[in-house]
Amino acid sequence: MDEKNDFQDLDKIVIGSRRSGQPVLRIGFQMQVYLRGGHLNARRHAVVDALSRFAAAAGPNITHVQKHMASRLSRVPAEGAGALLHAEVDAIDPETELHGPHLTDGQTPPRWQAAALLQPERALPCDLSVAHLAMPATLAREDPDDLIARLAAWCAVVQPLHGTAGLAPIYEIGMQQRHPDETWPLLSRFTGLDYMNAFTLAARGTDQIQGVNWLTCLGGPILDGLGGPEGLADRLRQAQDGLAREDADLPVLHPYAGGVLIRAGTWPQLGDRNAGGPPRSYMIVAAALRDLLFTAYPNKPTQLIRVPRPLDAHAETLRWITRFDAGA
C-alpha cells in the first residue's frame, strides 16, 4: 500500500562523513535524465533553458552558479543565470569541450540543485549526456500532481532518451562516488532510493535504461520501439497481472511532447526492506521494462557503484540494478 507520510521528515536529515563528521549527503527528490546530441549547440541551449526554468521556479532557493571551468561558485546575477549560461554555450567549442552548467543553493550538501554534463562531439558515437535536478523531498509529498506536470514540461524542453525521478541521496556535484560508507547502507536497505550514477562507458552506445523509479522517463526513440504509448500500456498491464495486489497503487502514464513519464504510484516510496520491501508499483514498471535494463557492467571499479569493503562492487551493483525483480 502506498504510504504518503513515510518520508515526511526526510528534509531534516543530513548525513555526515564517518571520518570527519562533515555533512556529505541528504535525502531529497531527484530527477536524472540521459540524452543524445549533447555536442549540438541547439541541444545545449535547450538544456540551459531547462535549467534556467527550474531556477526561476525555485526562486530565491537557487543562489549560486558555477561558471565554465571555475573552481568556485559565484552568486547568481540579479537578472538570473539564463543569459550567463547561454553566453557560455556560444563561447565553448562543442567539438572538444564538455559543458557542465551548474546551479545550486550553495549549501553542502544542497537542497536545490540543477546541473548537466554535455558531451563534446569528439565523444561520438558514445555521447550519452546527463542532466539532473534536486529539490526537497516534501515537494513530492505535498503536491505530486503539480510536480509531475512541471517535470513533464521540463522533459519536453530537454528531450531525454530516458531517465528516472524519485527519492534519492543528494550530493554536491561530482561527489556521489566519494562516500560509499555513508551511501551504501542507504541504497542496500531502501530499495526505492534512486542514485545519481552517470552511465558506465559501456552503456553509452546503447538505448538501454539504467533503471526505474517512481517516475521513469522514456523518450521518443525508446517509446517508439515499444509500440508507442499503447504498446507500453500493454506491457504494464501484462506485468500488473502477475504482480498487482488489491491494495497496489498501479502505474499511470503521463505523456509529454516527445515522450512519457511512467508514474509508479501516487507518491514516491522509500521501499524499506525491513518494512514491506520493494514497492509493488515499482516492481510492475521494472517487470514491464526488464528487457530494456542495462546489465552488462564491466568488472572495473570506475564503472561500478562504490561499496564498502569487503563487499564485491560488481555483484552489489548488479544486485542493486535488479532490486525490483520479483524474488530479488
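Predicted model: local features only at pLDDT ≥ 70, side-chain atom pairs only at ≥ 80, totals over all residues.
Residues are numbered from 1 along each chain as its sequence is written, and side-chain values use heavy atoms, with hydrogens and water left out.

**Strand S7**
- Strands here are DSSP runs of E with at least two residues, numbered from the N terminus.
- 7 of the 7 residues of S7 (residues 129-135) are buried, so the strand is largely enclosed by the rest of the structure; buried means under 20% relative accessible area with a 1.4 Å probe, protein chains only.
- Ser-129, Ala-131, Leu-133 and Met-135 point one way, while Val-130, His-132 and Ala-134 point the other.

**Its partners**
- Two strands pair if DSSP finds at least two bridges between them.
- S2 (residues 23-35) runs antiparallel to S7, joined by 7 bridges, and Met-31 sits opposite Leu-133.
- S6 (residues 113-117) also pairs with S7 in the antiparallel sense, over 5 bridges, with Ala-116 as the bridge partner of Ala-131.

**Cavities**
- The whole structure has 4 cavities of 30 Å³ or more; a cavity is a set of points, on a 1 Å grid over the protein atoms alone, where a 1.4 Å probe fits but cannot get out.
- The largest cavity holds about 90 Å³, a volume being the space filled by probe spheres set on the points.
- Residues lining that largest cavity include Ile-209, Arg-290 and Phe-324; lining residues have an atom within 4 Å of a point.

Key
Buried < 20%, exposed > 50% of the residue type's maximum accessible area, 1.4 Å probe, protein only. Helix = DSSP H or I, 4+ residues; strand = E, 2+ residues; numbered from the N terminus. 1 Å grid on protein atoms, 1.4 Å probe; cavity = no way out; pocket = protein on both sides within 12 Å on 5 of 7 lines; lining within 4 Å.
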